[in-house]
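Take a look at the structure below.

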Amino acid sequence: MKFQKSKTDYITDILIYFGFGLFSFLCFFPFYYIIINTISDNTLVSAGKILFLPHGIHVENYKQVFLIKGLASATFISLSRTVLGTAMSALAATVLGYAFSRPEYWKRKFWYRFLIITMYFNAGIIPWYLNMRMLGLINNFLAYILPAVCVPFYVILVKTYIESIPESLEEAAEIGFREQHQVGRQ
């Protein structure tokens, strides 16, 4: 079936495209502005004369950035922190979320509530620092990762998702797993 558009539909489409185009421009422009400022003449940038188009194009600023000592190390630490922190946080949330969703696990309600309480109370920066010092995490790479491994909110999300999976699906997976192992033994 084909529908014919009325004038109102065309006007609505134009307004929607204009609105999304304006929104996209507002999201993209700050990045564009940074780039044109980095490749433009530094005196013009300092004077505020660069608005939409670059003037006095050069790449000297980028050459200067790569001469900064420790840039490679800082980049490696940032990437490592991001990758390791994300992987460990996802793993911890998955394991704890699964454990808290299983009724047969020992004292699961107590431990779940104990974890959730930590969302509401924060000792502050000084006790946190003292704790990190006591654990030997001052001037240590693990100080970036370990404090954020177990995020209670992520555990809640995983637990809620696992509880939404039907039990019949888990039973079918167990049956398939058992059959697979029996075939492998023979």
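**Around helix H4**

The buried residues of H4 are covered by, among others, H5, helix H7 (142–145) and H8. Helices here (H or I, at least four residues) are DSSP runs, numbered from the N terminus. Buried means under 20% relative accessible area, exposed means over 50%, and partly exposed lies in between (1.4 Å probe, protein chains only).

A word on the source. This is a predicted model, in which local features need pLDDT of at least 70 and side-chain atom pairs count only at pLDDT 80 or more, while totals for chains, interfaces and linings use all residues. Residues are numbered from 1 along each chain as its sequence is written, and side-chain values use heavy atoms, with hydrogens and water left out.

Start with H4 itself. H4 has 31 residues. From its first C-alpha to its last it reaches 44 Å, close to the 45 Å expected at 1.5 Å a residue. That expected span is 1.5 Å times one less than the number of residues. Which residues of H4 are buried? They are Ser80, Gly85, Ser89, Ala92, Ala93, Gly97, Phe100 and Ser101.

Pick out Ser89. Ser89 lies in H4, which covers residues 71–101. Its relative accessibility is 8%, so Ser89 counts as buried. Set aside its neighbours within four places in sequence, and Ser89 is in contact (heavy atoms within 4.5 Å) with Ala148, Val149, Val151 and Tyr154.

**H4 against H8**

Two packed helices are described by the angle between their axes and the distance between the axes. Axes are lines fitted to C-alpha atoms, for helices over the stretch in contact, and angles run from 0 to 180 degrees between N-to-C directions. How do H4 and H8 lie? Their axes come within 8 Å and cross at roughly 50 degrees. H4 and H8 are therefore oblique to each other. Angles under 35 degrees count as roughly parallel, over 145 as roughly antiparallel, 65 to 115 as roughly perpendicular, and the rest as oblique.

Now look at who meets whom. H4 brings Ser89, Ala93, Thr94, Leu96, Gly97, Tyr98, Phe100 and Ser101. H8 brings Tyr154, Val155, Val158, Lys159, Ile162 and Glu163. The residues of this H4 contact with H8 divide into 8 nonpolar, 4 polar and 2 charged. Here Ala, Val, Leu, Ile, Met, Phe, Trp, Tyr, Cys and Pro count as nonpolar, Asp, Glu, Lys and Arg as charged, and the others, Gly among them, as polar.

**H5 against H8**

H8 (residues 152–164) also packs with H5 (residues 108–120). The angle is about 135 degrees, and the axes are 9 Å apart. H5 and H8 are therefore oblique to each other. From H5 come Tyr112, Leu115, Ile116, Thr118 and Met119. They meet Pro152, Phe153, Val155, Ile156 and Lys159 in H8. The residues of the H5 contact with H8 divide into 8 nonpolar, 1 polar and 1 charged.

**The loops**

Follow the chain between H4 and H5. Tyr105 is found in this loop. Its relative accessibility is 38%, so Tyr105 counts as partly exposed. Leaving aside neighbours within four places in sequence, Tyr105 is in contact with Tyr98 and Ala99. Lys107 lies in the loop between H4 and H5. Lys107 has a positive phi of about 50 degrees although it is not a glycine.

Finish with Asn139, in the loop between helix H6 (125–134) and H7. Is Asn139 buried or exposed? At 82% relative accessibility, Asn139 counts as exposed.

Methods: Helices (H or I, at least four residues) and strands (E, at least two) are DSSP runs, numbered from the N terminus.
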